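Open the model in your viewer and keep the selection panel at hand. This tour goes stop by stop, saying what to pick and what is there.

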Amino acid sequence: MKRTQFMLTRVLQGLVAILLIATVNFMLVRAAPGDPVSVLAGEAGASDPQFVAQLRAQFGLDQPLSTQLATYVGKVVQLDLGYSYRQQQPVLKLIMDRLPATLLLTGTAFALSLLFGITLGALSARRAGTWVDSGITVVALLFYATPLYWLALMAVLVFTVQLEWLPGFGLMTVGSGATGFALVLDVARHLVLPALTLALFYMAVYARMTRAAMLEVAQMDFVKTARAKGVRPGRILRAHVLRNALLPVVTLAGIQAGGMIGGAVLTETVFAWPGIGRLMFDALLQRDYSLLLGAFLVTAAMAVLFNLITDLVYTLVDPRIELT
Amino acid sequence: MMNSPFWRRFRRNKGAVAGMAVLLIVAAVALLGPWLATNDPWAMVEQPFVRPWAEPGFLLGTDTLGRDILSGLVYGARVSLLIGVVSTLVALLIGVTLGAVAGYFGGWIDAALMRFTELFQAVPSFALAIVLVAIFEPSIKSIVVAIAIVSWPPVARLVRSEFLTLRQRDFVQAALLAGQSTPRIILTQILPNAMSPIIVMASLMVATAILLESSLSFLGLGDPNQMSWGYMVGAARTVLRQAWWMALFPGLAIVLTVLALNLVGEGLSDGLNTRLDGRGK
C-alpha cells in the first residue's frame, strides 16, 4: 500500500518534470534571437510563406504569451511535437522510428558498463593495494578522461580500418538481404564497437564507485561479525560486502542511464547509428529546431522514466529505504 | 610555502604531482600561444594531408585544407582552458549562491530550491547543452553559459549540505549573538569553512567542462572563430581512413589535460584533508 502510494507520487513528480521541461523548451524558442517561427521552421522552412503562416496559426503567435505557452504544452500533452519541414514528416514519427535503435544501443551499453564496472571495482577492492588494484585504477582514470567520440573514432581506426575485424558504420550491412539469425548476427556485429565505446566511460565511473563503496562497507560492524563467526572470505565479499555496496552504484546508474542517451549523440554520430542521437546531429546540421527540441524533450522524458524505474528497483532491493 | 602541510600532503600523491606538471605545461602553451605556434591555425600553409614527421616545420602534419596541426593544438589549448575555467566559475557562482541560501535558511526556501535543482539534474546534461548552444548560436559566451547551466546542480547540493551542518556550529551562534548581518555570516563565517570540498569539486568540474566543450565543438557547435581540439577531431571524422593523425593528436591533448586535472583534483582532496596528516600512505 505504502509502496503504491510512493510510486504514484513519484510518477506524478515525473510528469510535472516533463511538463516543466516542455515549458523550458517553449521559453528557449521565445528567447532565441530572431522570430520564433523562423527558429522553429528552420532555415529551409522559413522561406516557405505557407508553412510559416501555418506555424503562426498553430502556435497562436498573436495571442498573449501565457496562451501561447498553454497551447504549446497542450500540444506536447497530446504528443504533438510539431512538424519537420526538412524531413516532411511529423517530429514524433521521426523520433519513434529511431527509438528502437537508440534503446538497443544504450541498453546494451548500460548492461555492459554495469557488468564490467562492478566486476572490475569488486576485483580492485578485493586486491586493494596490489598491482591489480593500481592497474584497474589507472585504466578507469584513463577512460574517465577520454572523450567518447574520440574513443569511438580510434576504435574505428583500429578495428575497422586496420584490422578489418568489425564493421564501424550503420546498424546492418546495406543490401545484404539477410533475414532471421543471419540478420541478428549482422546487427550484433555492428553493435559491438558503438556499445563498447559508449560503455567504457560509464564503466570507469561504476568501477571507481564500486571500489569505494566496497572498501567502506568492509569496515562495518556486520562484516566484522561475519568474519568473527568464521564465514569464508569469498562469501563475505559476495554476500555481505558486494550486496550492500551495490545500492549506491544502482542509484548512480539510474541517473547516468538518462545521461547515456545524451552521450549517444556522439557515438551515433561517429558510427552512423540510426538512432535519436544521430537524428539530433542531423537536425543540428540542417538547423531543424522543431526536430531538435522534440528529440530533446523525448530524451529528457526517457531520463525521467529511467529514474522512476531506478526508484522502483531500489525500494524492491532494499526494504530499509524510507518511503516518503 | 612549499613546505606547508598542504603541499606536504599534496606531494605525497605522485599522480597529483605528475598531473600538476602536465597542467603547468598546457597552461604555459596556452599563454605563450602566438610565440610558440609558427603558423596561423586557420591558414593554408602547406599541401593538404602532409603526414607527421614527413616535412620539416610540420611536426604533426597538416589537415584537409593544408593547415598546420601543431599550431591548431597550441591555439586549442587556449580555448579549452579558457572555457573550462570560466564556465566553472560561473557554475560555482550559481551553485554556491543557491546552495548557501538553501542550506542557511532551510524550510520552504530549501525545499523549493532543491526541487528546482532536482529538475535540472533530471535533464540529460549533454542534450540540454546541445540545445542551448544551438538555439543561441555557437560562441564562446553561449558555450560558457550552456556548460555552466548544466554543471551547477552538484555544487548547489554540496554547498547546501555543508551549510546545513555548519549552520548548527557554535561559531555561527556566536556570530549571531554578536549581531553580525546574515550576508556577513554566510560570506565570512560559513563559506570559508566550506571551501575545501568546493575547491576539490571545482578542479574536477574544469575537467568535465573541457570534455563538454570538446564534445560540443566535435558536433560543430564550437565558436566558429576559435580553433579548438574538439573541432579538429570533428574535422577528421569524415577523412579518418586517409588521415589518422588529424584525429589522434587533438584527442591525445584532450585526454592528457583532462587526466591531469582529475589527478590534481585528487591531490587537492588529499592536501586539504587534514586528517591524512601523520599517516603514511
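## Stop 1: chain B as a whole

Select chain B: 12 helices and zero strands. Helices (H or I, at least four residues) and strands (E, at least two) are DSSP runs, numbered from the N terminus. Along the sequence the pattern reads α-α-α-α-α-α-α-α-α-α-α-α.

Before going on, note that this is a predicted model, in which local features need pLDDT of at least 70, side-chain atom pairs count only at pLDDT 80 or more, and totals for chains, interfaces and linings use all residues. Residues are numbered from 1 along each chain as its sequence is written, while chains are lettered from A and ligands numbered from 1 in the order in which they are written.

Show the C-alpha atoms of chain B. Taken along the principal axes, they fill a box of roughly 75 × 50 × 30 Å. Of the chain's 281 residues, 46% count as buried. The burial classes rest on other C-beta atoms within 10 Å of a residue's own, placed from the backbone: 20 or more is buried, 12 or fewer is exposed, and in between is partly exposed. Now look at contacts in chain B with a separation of 6 or more: residues 24 or more positions apart account for 70% of them. Two residues are in contact if their C-beta atoms, placed from the backbone, lie within 7 Å.

## Stop 2: where the chains touch

Bring in chain A. The contact takes 39 residues from chain A and 31 residues from chain B. On the side of chain B that touches chain A, the elements giving two or more residues are helix 5 (107-122), helix 6 (125-135), helix 10 (195-218) and helix 12 of chain B. Which helix gives the largest share of that side? Helix 12 of chain B does, with eight residues. By class, this side of chain B divides into 22 nonpolar, six polar and three charged residues. Here Ala, Val, Leu, Ile, Met, Phe, Trp, Tyr, Cys and Pro count as nonpolar, Asp, Glu, Lys and Arg as charged, and the others, Gly among them, as polar.

## Stop 3: a helix pair across the chains

Select helix 6 (residues 131-145) of chain A and helix 12 (residues 244-272) of chain B. Their axes are 8 Å apart and pack at an angle of about 120°. Axes are lines fitted to C-alpha atoms, for helices over the stretch in contact, and angles run from 0 to 180 degrees between N-to-C directions. Helix 6 of chain A and helix 12 of chain B are therefore oblique to each other. Angles under 35 degrees count as roughly parallel, over 145 as roughly antiparallel, 65 to 115 as roughly perpendicular and the rest as oblique.

Show side chains. Helix 6 of chain A brings Leu141(A), Leu142(A), Tyr144(A) and Ala145(A), and helix 12 of chain B brings Val255(B), Val258(B), Leu259(B) and Asn262(B). That contact has seven nonpolar, one polar and no charged residues.

## Stop 4: a helix pair within chain A

Move to helix 7 (residues 148-162) and helix 10 (residues 233-271) of chain A. Their axes come within 9 Å and cross at roughly 25°. Helix 7 of chain A and helix 10 of chain A are therefore roughly parallel to each other. From helix 7, Leu148(A), Tyr149(A), Ala152(A), Leu153(A) and Val156(A) meet Gly263(A), Leu266(A), Thr267(A), Val270(A) and Phe271(A) of helix 10. Eight of the residues in this contact are nonpolar, two polar and none charged.

Stay in helix 10 of chain A and pick Ala264(A). Ala264(A) counts as buried, because 29 C-beta neighbours lie inside 10 Å. Outside four places in sequence, its contacts are Thr102(A), Leu105(A), Thr106(A), Leu198(A), Gly275(A) and Gly277(A).

## Stop 5: the core

Select Leu292(A), Ala129(B) and Ile130(B). Of the 172 residues in the largest nonpolar core, these touch the most other members. Such a core is a set of buried Ala, Val, Leu, Ile, Met, Phe, Trp, Tyr and Cys residues joined through C-beta atoms within 7 Å. Helix 8 (residues 180-218) of chain A gives the most to this core, 18 residues. Centre on Ile130(B). Neighbours within four places aside, Ile130(B) is in contact with Val265(A), Met280(A), Leu216(B), Leu219(B) and Leu221(B).

## Stop 6: two loop residues

Pick Glu164(A), in the loop between helix 7 and helix 8 of chain A. Its phi is near 55°, a positive value in a residue other than glycine. Glu164(A) is exposed, with 9 other C-beta atoms within 10 Å.

Finish at Glu137(B), in the loop between helix 6 and helix 7 (140-166) of chain B. Phi of Glu137(B) is near 65°, positive in a residue other than glycine. Buried, partly exposed or exposed? With 14 C-beta neighbours inside 10 Å, Glu137(B) counts as partly exposed.
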